[in-house]
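Please walk me through this structure.

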Amino acid sequence: MSDLKPQTRHIADRLESPLKLAVFSWPSLLLVVAIALFILNSFMSPYFLSAWSLSDATFNFTEKAIIAFAMALLIISGEIDLSVAAIIALSSTIMGLCLQLGFGTSELVFVGLFVGVLCGAFNGTLVVGLGLPSIVVTIGTMSFFRGISFIILGDQAFNGYPAEFAFFGQGYVWWVISFEFVLFLFVALVYFVLLHKTNFGRQIFVIGNNATAAQFSGVRVKRIKFILFCLVGLMSGIAAILLTSRLGSTRPSIAQGWELEVITMVVLGGISILGGSGTIQGVFIAAFIMGLISFGLGLLNVPGIVMSIFIGALLIIVIALPIIAGKIKSRLKA
Amino acid sequence: MNIFKKLAVTTAIAVTLAASPSLATERIALVVKSLGNGFFDAAAKGAEKAAAELGDVEVIYTGPTAATAEGQIEIVNSLIAQNVDAIAISSNDPDALVPALKKAMDRGIKVISWDSGVAQDGRMVHLNPSDTGLIGETIIKLAADYLPEGGDVAILSASSTATNQNAWIDAAKEILPTKFPNINLVSVVYGDDDSVKSTNEAKGLIANHPDLKAIIAPTTVGVVAAAQVVTDMDLIGKVNVTGLALPSEFKKFIDNGSSQAVALWNPIDLGYSAVQISHQLIKGAKAEAGATFSLGSVGEITLDDAGSAAMAAPFQFDASNIEEFSKIY
C-alpha cells in the first residue's frame with residue numbers, strides 16, 4: 001500500500017540553466033567572432049589600433065545598423081522590407097527638394113523622417129491592407145521609390161546643405177565619439193527594450209511563430225505589422241538624414257544596394273529569416289562584425305569583391321555552424 | 001669618454017633622423033570608380049610605370065566592387081587610417097566625396113582627382129583626360145587625315161542636350177575654316193546613344209548625302225552603329241567612319257576597313273600622369289592657378305583657375321595599335 005504514496009517530481013522552469021544558455025547563445029558566439037576579428041585586425045595592420053581609425057570605421061556600419069534593428073523586428077514578425085535603400089534615396093531627394101525651397105535644418109530633419117514613415121506606411125498598407133506578400137510589394141516599391149528620385153533628379157545632384165545639417169553625419173559628440181555612433185547605441189537600446197522587455201515585443205515573436213494562433217489569442221496582428229513597416233520606414237528616414245549629411249549631397253543612386261547589407265546584418269545577427277526568433281544583442285554585435293571585416297580588409301587594401309566573398313563566407317559559416325553542431329550532438333546522443 | 005658617448009648618441013640620432021625620410025616609401029593610392037574595369041586596370045598599369053620611373057613610390061590600386069560614392073568613401077577612410085601620402089581618385093560622384101576627401105587633406109594627405117573629377121574644395125588638382133578644343137580638333141583631324149582632297153563629312157552625336165558632345169561639336173565647327181578648309185561639314189544628327197536610333201540616323205545621312213566621305217561619331221555607341229551600317233551597306237572604302245571609340249568594341253571595324261582610325265583617352269597615360277602629379281605634390285609642389293606640373297614622358301600641364309588641367313589630345317587607334325589596346329579596354 002505504501003507504494004501508492006504520491007511522489008513529488010521536480011520540473012525545471014527551463015531545460016538548461018540560464019548561465020549555460022547565455023554562454024552557448026548566438027550573441028556569445030558572435031561576440032567571440034567579433035573579438036577574434038578585432039585581435040586579428042590589430043595584428044594584420046599597424047594602422048588599425050588608433051582612436052581615429054576606429055572612429056572612422058564606425059561610419060561604415062552605423063547607418064545600416066540603425067535600419068537593421070527595425071528590420072530585425074519586421075523579419076521576426078515574418079515579413080521583410082527590401083525597399084529600405086530606396087526609401088533612403090527618396091527621403092534624401094525630398095530633403096534636397098525642400099532645401100531648394102529654403103527649408104532650414106530642423107525642417108529638413110522633419111521632412112526626412114516624415115517621408116521615411118510615409119514610405120513605410122505605404123508598404124505596410126499594401127502588405128497588411130491588401131494581404132500581398134511583403135517580398136513582392138517591397139521589390140516593387142524598391143524600384144518605385146528610387147524611380148521617383150531619378151525622375152526628380154535625373155543626373156543632377158542636390159547640394160549646399162546648411163553647415164549645421166552636416167553635424168548629423170560628420171559631427172562628434174566628444175573627442176572621437178561621433179554623433180552617428182551615439183545615435184546607434186541609443187537606437188540599439190531602444191530596440192532592445194522594445195523587443196525583449198515589452199508586451200509589444202512578445203507579440204512580435206508570437207506573430208512570427210504563428211500568426212493565426214496570435215490572431216486568435218487577441219494579438220492585433222495587422223496593426224503590429226503595419227507599425228513595424230512604419231518603424232522600418234522611420235529608421236530608413238533617420239539613415240537618410242545621416243547619410244545625406246555625411247555626403248553633403250543627394251544623388252538618386254545614394255545608398256544603392258544597402259538593402260542586402262542591412263538584411264545580411266540581421267541574418268548574421270541570428271534573426272531567423274523565417275521569423276519567430278532572434279535577439280537585438282545579436283544584430284548589435286553583427287553590426288560590429290561587418291564593420292570590422294570591411295574596415296580590416298580595407299586597411300589591407302583587399303579589393304571589394306574579395307571583401308564580399310568574406311562576408312558571404314562568414315554568413316554561411318555562422319549560420320551553418322550551429323546546425324552542424326546540433327546534428328553532431330544528436331548523432332552522439334543516438 | 002662621456003663627451004664621446006654623447007657625441008656618438010647625438011650623431012646616431014641625427015643620422016637616423018636624416019635617414020628616415022629617405023627610407024620611407026611614398027605611398028600613392030589610385031582609387032578608381034570600380035574594380036574589374038579594363039579602363040582602370042590599364043590606368044593602374046600606367047601608375048605602376050610612373051612608380052617604377054620615379055623609384056621609391058608604392059602604388060595602392062583600389063576601388064569598390066560597385067561604382068558607388070559610399071563604397072569609395074569607405075575606401076578613402078581606410079586610406080586616411082593608413083596615412084598614405086596621396087590619394088588620386090576617379091570619383092563616382094563629384095559632391096559626395098568632398099567631405100571625406102577634405103578630411104584626408106586636413107590630415108595632410110595630398111588629394112587629386114583624374115578622369116572623373118571632384119568639386120574644387122575636395123581636391124587640390126584635377127586632371128582631365130583631354131579638353132574640349134583638343135577633342136573638337138581631333139575628331140575632324142581623324143576624318144581629314146584620310147581625305148587629302150577634302151570632301152563632305154557629317155557628325156553623328158549622342159543626344160542634342162549632351163553638354164560635352166555639344167561643346168566638342170562647337171569646337172570642331174570653330175576650327176574647320178582655319179585648319180581644315182577643304183572639309184565640308186554637311187550635317188549634325190543625333191542618335192541619343194541608342195543603337196537602333198543611331199543606326200537609323202547613320203542610314204539617313206548616307207541616303208541624304210550621296211557624296212558623303214566620312215561619318216564622325218564622337219560617342220562610343222554611335223561610332224559602332226555607323227560602322228555597322230557602312231559594313232552592312234557595302235560602303236567600305238567609300239565612307240570612312242571615325243570618332244571616339246572603345247578599342248575593344250571597335251577593333252572589328254578597323255580590321256574590316258570600315259574605319260581607318262578612331263581615338264579615345266589613353267587610360268595608361270592617365271594613371272601615369274596622376275602618379276606623376278601626386279609625387280610632385282608630396283615633394284612640396286603648390287597646387288595653384290598657373291602652376292606647372294611635369295607629366296614625365298606624357299608632357300606637361302598648367303593648372304587653370306579651377307585647379308584643373310587637360311592631359312593631351314585623344315589618343316589615336318589605327319591598324320597598327322588596335323590589337324594591343326583592344327585587349328586593355
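Predicted model: local features only at pLDDT ≥ 70, side-chain atom pairs only at ≥ 80, totals over all residues.

Residues are numbered from 1 along each chain as its sequence is written, while chains are lettered from A and ligands numbered from 1 in the order in which they are written.

Begin with confidence. The score is pLDDT, the predictor's confidence in each residue, from 0 to 100. Chain A has a mean pLDDT of 90, and 97% of its residues reach 70 or more. Within chain A, the lowest confidence is in helix α1 (residues 18-23), at a mean of 73. The highest is in helix α4 (residues 62-76) of chain A, at 97.

Now turn to chain B. It holds 11 helices and 14 strands. Both kinds of element are DSSP runs numbered from the N terminus: helices are H or I with at least four residues, strands E with at least two. The C-alpha atoms of chain B fill a box of roughly 100 × 40 × 35 Å along the principal axes. Of its 329 residues, 52% count as buried. Buried means that 20 or more other C-beta atoms, placed from the backbone, lie within 10 Å of the residue's own; exposed means 12 or fewer, and partly exposed is in between.

One open sheet of chain B has 6 strands in the order β2-β1-β3-β4-β5-β13, with parallel pairing. Strands pair if DSSP finds at least two bridges between them. At the edges stand β2 (57-62) and β13 (308-310) of chain B; each has a single partner strand, so one side of each lacks a neighbour in the sheet. Neighbouring strands are turned by 20° against each other on average, direction ignored. Helix α2 (residues 38-54) of chain B lies across β1 (26-31) and β2 of chain B, at about 170° to β2(B). Such angles run from 0 to 180 degrees between N-to-C directions, with axes fitted to C-alpha atoms, for helices over the stretch in contact.

A second open sheet of chain B has 4 strands, ordered β7-β6-β8-β9, again with parallel pairing. Its edge strands are β7 (183-190) and β9 (240-243) of chain B. The twist averages 25° from one strand to the next. Strands β6 (residues 151-157) and β8 (residues 212-217) of chain B are joined by 4 bridges. Val153(B) has Ala214(B) as its bridge partner in β8(B). Helix α5 (residues 132-144) of chain B lies across β6, β7, β8 and β9 of chain B. Helix α6 (residues 163-179) of chain B lies across β6 and β7 of chain B, at about 165° to β7(B).

Look next at helix α3 (residues 69-81) of chain B. In α3(B), 13 of its 13 residues are buried. Just after α3(B), Asn83(B) takes a positive phi of about 55°.

Finally, the two chains meet. Here 27 residues of chain A are in contact with 24 residues of chain B. Contact means C-beta atoms, placed from the backbone, within 7 Å. On the side of chain A that touches chain B, α14(A) gives the largest share, 4 residues.

Key:
Contact = placed C-beta atoms within 7 Å.
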